[in-house]
Amino acid sequence: MDPGMNQLLKWSIENSETTRDDPTASTDPKAKRSYGPGLSQEAIKSLMGGPSDAELMKLSMAAIKSPDVSLDNKLVAFDNFEQLIEIVDNANNLESLALWTPLVAELSNAEAEIRRMAAWCVGTAVQNNIKSQERALAVNALPVLVQLAMEDPNDQVRRKAIYALSSEIRNYPPALQVMVQQLPMELRPGDAVNAGDMDDVDKLMDVIKQASGKTETQAP
């Protein structure tokens, strides 16, 4: 990785933590920010050169995957990643950047907080986005999400998995069909569900939420 970009990522993580912990820190996006003494000329050059969202997405995923990055910093990187893919064009670029497979792999991470963030990111990427819905289906995210929604011992993981499933199946019948096939027999609807009918989808998701809520919550 470019040394300047590497330091920029480290600086971003450290300053995200500082802002989060400082109640006096400004949240105004127009407020002037001090880059501080911690950035080298190479990092400033990377920053002022405007690393693209695609580069930032790859850097975030690299941090998430790195064994040398702490869990807290991985979560900061995941939070940055989630904010980036709120933009539809960035979500659609997950395929060209080869980030779908590593993202879905994190749904099976041993750390509950990582599983939660991965499910959250999938839900964000596919929301009202047919291209991303197609990719999530293609990389087999649904079976893992259904398993998380029904069986994960962590309540927050189950909630984010349900959010991701709900976003994935709306207005996308192929995903709805696969999800229903993955559900326990007792939860499968007796009548056909119309993916384009939000009331139909909401009723099905309510059934899943109720069943998911019966899973015993344990410490992550």
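Q: A charge sits over a ring if NZ of Lys or CZ of Arg is within 6 Å of the ring centre and within 35 degrees of the ring normal. What does the charged end of Lys-160 sit over, then?

A: The charged end of Lys-160 sits over the ring of Trp-120, 4.0 Å from its centre, and also over the ring of Tyr-163, where the distance to the centre is 5.7 Å.

Q: What sort of model is this, and how are the residues numbered?

A: This is a predicted model, in which local features need pLDDT of at least 70 and side-chain atom pairs count only at pLDDT 80 or more, while totals for chains, interfaces and linings use all residues. Residues are numbered from 1 along each chain as its sequence is written, and side-chain values use heavy atoms, with hydrogens and water left out.

Q: OK, how many helices and strands does the chain have?

A: The protein chain has 12 helices and zero strands, where helices (H or I, at least four residues) and strands (E, at least two) are DSSP runs numbered from the N terminus.

Q: And how much of it is buried?

A: Of the 220 residues in the protein chain, 42% count as buried, meaning under 20% relative accessible area, with exposed being over 50% and partly exposed in between (1.4 Å probe, protein chains only).

Q: Switching topic: how many aromatic pairs are there?

A: A search of the whole structure finds one aromatic pair, and Phe-78 and Phe-81 form it, edge-to-face, at 6.4 Å centre to centre with 80 degrees between the planes. For this term, rings of Phe, Tyr and Trp (its six-membered ring) pair if their centres lie within 6.5 Å, and planes under 30 degrees apart count as stacked, over 60 as edge-to-face and the rest as tilted.

Q: Where do Phe-78 and Phe-81 lie?

A: Both lie in helix α4 (residues 71-84), three residues apart, which is about one turn of the helix. Phe-78 is buried at a relative accessible area of 0%, and Phe-81 likewise counts as buried at 0%.

Q: What about α10 and α11, at what angle do they cross?

A: The axes of helix α10 (residues 155-169) and helix α11 (residues 173-182) cross at roughly 135 degrees and come within 7 Å; axes here are lines fitted to C-alpha atoms, for helices over the stretch in contact, with angles from 0 to 180 degrees between N-to-C directions. That makes α10 oblique to α11, because angles under 35 degrees count as roughly parallel, over 145 as roughly antiparallel, 65 to 115 as roughly perpendicular and the rest as oblique.

Q: Which residues meet there?

A: Leu-165, Glu-168 and Ile-169 in α10 meet Ala-175, Leu-176 and Met-179 in α11, with contact meaning heavy atoms within 4.5 Å.

Q: Is Ala-161 buried or exposed?

A: Ala-161, which is in helix α10, is buried, with a relative accessible area of 0%. Leaving aside neighbours within four places in sequence, Ala-161 is in contact with Ala-119, Leu-145, Leu-148 and Ala-149.

Q: One more on backbone: what is phi of Asn-171 near?

A: Phi of Asn-171 is near 60 degrees, a positive value in a residue other than glycine, whereas most residues other than glycine have a negative phi. Asn-171 is in the loop between α10 and α11 and is partly exposed, at a relative accessible area of 49%.

Q: And where does Asn-140 lie?

A: Asn-140 lies in the loop between α8 (130-138) and α9 (141-151), has a positive phi of about 60 degrees although it is not a glycine, and counts as exposed at 52% relative accessibility.
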